Amino acid sequence: VDGPGASADAWQTLGEYYASARRYAESAAVLKQALARYPDDLDLQFQYGAMLERQKQTAEAERVFRAVLVKDPEHAAALNYLGYTLVERGERLEEAVTLITRAVELDPHNGAYLDSLGWACFKLGRLDDAEKHLRVAAAQLPADSVVQEHWGDLLARRGRASEAVSAWKQALAGDGDGIDRGAIERKIRKATDRLPRP
């Protein structure tokens, strides 16, 4: 990629290659180099923030996402990712809902955004809203392990243990990205123990 003729797209492709291999630090390093050449490229900047977040550098990731939104307040991916990062940290949940709601308004059929919004509502105890969004996300993204885990957690909170177990099993069978398999297996065992014996 290096060289005077390397385009922003070429750098981004290399960053995505490392990210797909879960080599997040290498992806972030490539994107940081690219941003030195293309400081105004918002897609590079967003991807860099995402790689920081994947390495649990959440404060720095938040700074990058907010910088993207200063330049483009309607950058749906940055709105969603920043909101989800806040939810995962358990911080400023009302702001998170506002950010993610804006992302959903910009891209209403995006399953990832609907999952983020549903999860934020779940964390705030707004279970009806959470169920509305998580149901659609889970149907749209059957192989997304995190989405299926969220759906299972919502079902369990609502007392629907057998449905929760099905969702968690689907999470374990999915892409495996971003989940703690042991934690899900424990949830399945705990819920299964409570189910009535046939």
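The structure is a predicted model, in which local features need pLDDT of at least 70 and side-chain atom pairs count only at pLDDT 80 or more, while totals for chains, interfaces and linings use all residues. Residues are numbered from 1 along each chain as its sequence is written, and side-chain values use heavy atoms, with hydrogens and water left out. The protein chain has 11 helices and zero strands, and a search of the whole structure finds 22 salt bridges.

**Fold and overall dimensions**

- Along the sequence the pattern reads α-α-α-α-α-α-α-α-α-α-α; helices (H or I, at least four residues) and strands (E, at least two) are DSSP runs, numbered from the N terminus.
- The C-alpha trace spans about 70 × 30 × 25 Å along its principal axes.
- Of the contacts in the protein chain with a separation of 6 or more, 46% are between residues 24 or more positions apart; contact means heavy atoms within 4.5 Å.

**Surface and charge**

- Buried residues account for 47% of the 198 residues; buried means under 20% relative accessible area, exposed over 50%, and partly exposed in between (1.4 Å probe, protein chains only).
- The protein chain has an accessible surface of about 10,100 Å², and 52% of that surface belongs to carbon and sulfur atoms.
- Accessible areas come from the Shrake-Rupley method with a 1.4 Å probe, and for residues only the protein chains shown count as cover.
- There are 27 positive and 31 negative side chains, with the centres of the two sets 7 Å apart.
- Lys and Arg count as positive and Asp and Glu as negative, while His and the chain ends are not counted; each charge is placed at NZ of Lys, CZ of Arg, CG of Asp or CD of Glu.

**Salt bridges**

- A salt bridge is a side-chain nitrogen of Lys or Arg within 4 Å of a carboxyl oxygen of Asp or Glu.
- E131 and R158 form a salt bridge with an N to O distance of 2.7 Å.
- This pair links distant parts of the chain, 27 residues apart: E131 is in helix α8 (residues 127-140), and R158 is in the loop between α9 (145-157) and α10 (161-173).
- E131 is buried at 10% relative accessible area, whereas R158 is partly exposed at 33%.
- E131 also forms a salt bridge with R160, where the closest N and O atoms are 2.9 Å apart.
- R160 lies in the loop between α9 and α10 and E131 in helix α8, so this pair ties together parts that are 29 residues apart in sequence.
- R160 is partly exposed, with a relative accessibility of 24%.
- Salt bridges with shared partners join E62, R66, R89, E91, R92 and E95 into one network.
- R102 and E105 form a salt bridge, with 3.2 Å between the closest N and O atoms.
- Both residues lie in helix α6 (residues 93-106), three residues apart, so about one helical turn separates them.
- E105 is exposed at 52% relative accessible area, and R102 is partly exposed at 28%.

**Buried charge without a salt bridge**

- E53 is found in helix α3 (residues 42-54).
- E53 is buried but has no salt bridge, and the nearest side chain of opposite charge, R54, is 4.5 Å away.
- Not counting residues up to four places away in sequence, E53 touches A61, Y81 and T85.

**Selected positions and C-alpha separations**

- G174 is in the loop between α10 and α11 (181-194), and its relative accessibility of 24% counts as partly exposed.
- The C-alpha atoms of G174 and S145 are separated by 4.9 Å, with the two residues 29 residues apart along the chain.
- Leaving aside neighbours within four places in sequence, G174 contacts A143 and S145.
- K32 is found in helix α2 (residues 24-37) and is exposed at 54% relative accessibility.
- The C-alpha atoms of K32 and A139 are separated by 36 Å, the residues being 107 residues apart along the chain.
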